Amino acid sequence: MKRLSRLRPTPALVIALIALFVSLGGVSYGVATGYIDSREIRNNTVSTKDLRNNDIRTKDIRNNEVRGLDIRNSTIQGRDVALATITGEDVKESTLSQVPSAARAARADGAAAVDSLRVIGVRSVAQGGAPMTLVQYGPLTVTGACVADMTGPRAEVRVQSAEAGSSADGEEASFGDLGTGAQAVAAVTSTGPRAIESSPIVASGITVALSGVVSLIADGAGAGSCRFQGHTVVSGVAVANTP
């Protein structure tokens, strides 16, 4: 009897054997039924070769977990981005090339070539008053003056230049070299209540030019006055640019 009692398993051994069988049975049961969860998988042991191709879905990835380092360089294409979702803050401006039309705008800062229309609104000058600037572009200045003549006020369009070698032309006169001071290139004198004249004008410096049409009105009524209006197109390189 003593020998049989020595061969009898102790309670601790029985409990240990039961736990072993249960654990082995649980794993076997899970394998047999296909219900293995994360508790049966050792951390950091599942690799790419254990995953079926094209089987990982959006619901399997935690929101906001995929980062730039998880994406292979140069693999994102336009079809991967929703329409109208890329904004200016997503683009590095220094990497963009210049828009063709912007190149012309960049030259219009007063220090590069420009071509633009200048409208001369109605400008009134009293007879004997100070001449009024109609257009100024770079060294070229076009003014309107109203001087007293024998029969009434005389409206004059004058051109002057701060650049040597400049020239001008109009209905009244042509100057191959403006020299110094303002030169009248178009004029009309009132012989009654009102006289009107329309004249093309051209002025050219070394680096700039302007051309256009100016109307002149000399009004002899009352104290007498003159009015000017028209338009010019300016072009060239001008450091100073005043409308």
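Colleague: Why is Asn-64 called exposed?

Modeller: Asn-64 has a relative accessibility of 77%. A residue is exposed over 50% relative accessible area, buried under 20%, and partly exposed in between (1.4 Å probe, protein chains only). The value for Asn-64 is over the exposed cut-off, so the label holds.

Colleague: What kind of model do these values come from?

Modeller: This is a predicted model, in which local features need pLDDT of at least 70, side-chain atom pairs count only at pLDDT 80 or more, and totals for chains, interfaces and linings use all residues. Residues are numbered from 1 along each chain as its sequence is written, and side-chain values use heavy atoms, with hydrogens and water left out.

Colleague: Where does Asn-64 lie, and what is its phi?

Modeller: Asn-64 lies in the loop between α2 (11–33) and α3 (100–106). Helices are DSSP runs of H or I with at least four residues, strands are runs of E with at least two, and both are numbered from the N terminus. The phi of Asn-64 is near 65 degrees, a positive value in a residue other than glycine.

Colleague: How do you know whether Ser-74 is buried or exposed?

Modeller: The relative accessible area of Ser-74 is 80%, over the exposed cut-off, and therefore Ser-74 is exposed. Ser-74 is found in the loop between α2 and α3, and its phi is near 65 degrees, again positive in a residue other than glycine.

Colleague: What makes Cys-146 and Cys-226 a disulfide?

Modeller: A disulfide is a pair of cysteine sulfur atoms within 2.5 Å. The sulfur atoms of Cys-146 and Cys-226 are 2.1 Å apart, so the pair qualifies. The link is right-handed, with 65 degrees about the S-S bond. It joins distant parts of the chain: Cys-146 is in strand β3 (residues 140–148) and Cys-226 in strand β10 (residues 225–237), 80 residues apart. Both Cys-146 and Cys-226 are buried. The structure holds one disulfide.

Colleague: Why do Arg-194 and Asp-219 count as a salt bridge?

Modeller: A salt bridge needs a side-chain nitrogen of Lys or Arg within 4 Å of a carboxyl oxygen of Asp or Glu. The closest N and O atoms of Arg-194 and Asp-219 are 3.8 Å apart, so the pair passes. Distant parts of the chain are linked here: Arg-194 is in strand β8 (residues 194–204) and Asp-219 in strand β9 (residues 208–219), 25 residues apart. Arg-194 has a relative accessible area of 52% and is therefore exposed, whereas Asp-219, at 13%, counts as buried.

Colleague: How many salt bridges are there?

Modeller: The count by this rule is four. Among them is the pair of Arg-154 and Glu-172, at 3.1 Å from N to O. This pair too links distant parts of the chain, with Arg-154 in strand β4 and Glu-172 in the loop between β5 (167–169) and β6 (174–175), 18 residues apart. Glu-172 has 43% relative accessibility, which lies between the two cut-offs, so it is partly exposed.

Colleague: What makes Glu-156 and Arg-158 a salt bridge?

Modeller: Their N to O distance is 3.0 Å, within the limit, so the term applies. Both Glu-156 and Arg-158 are buried, and Arg-158 is found in strand β4 (residues 153–161).

Colleague: Which residues are linked in a network of salt bridges?

Modeller: Arg-154, Glu-156, Arg-158 and Glu-172 are linked in that way.
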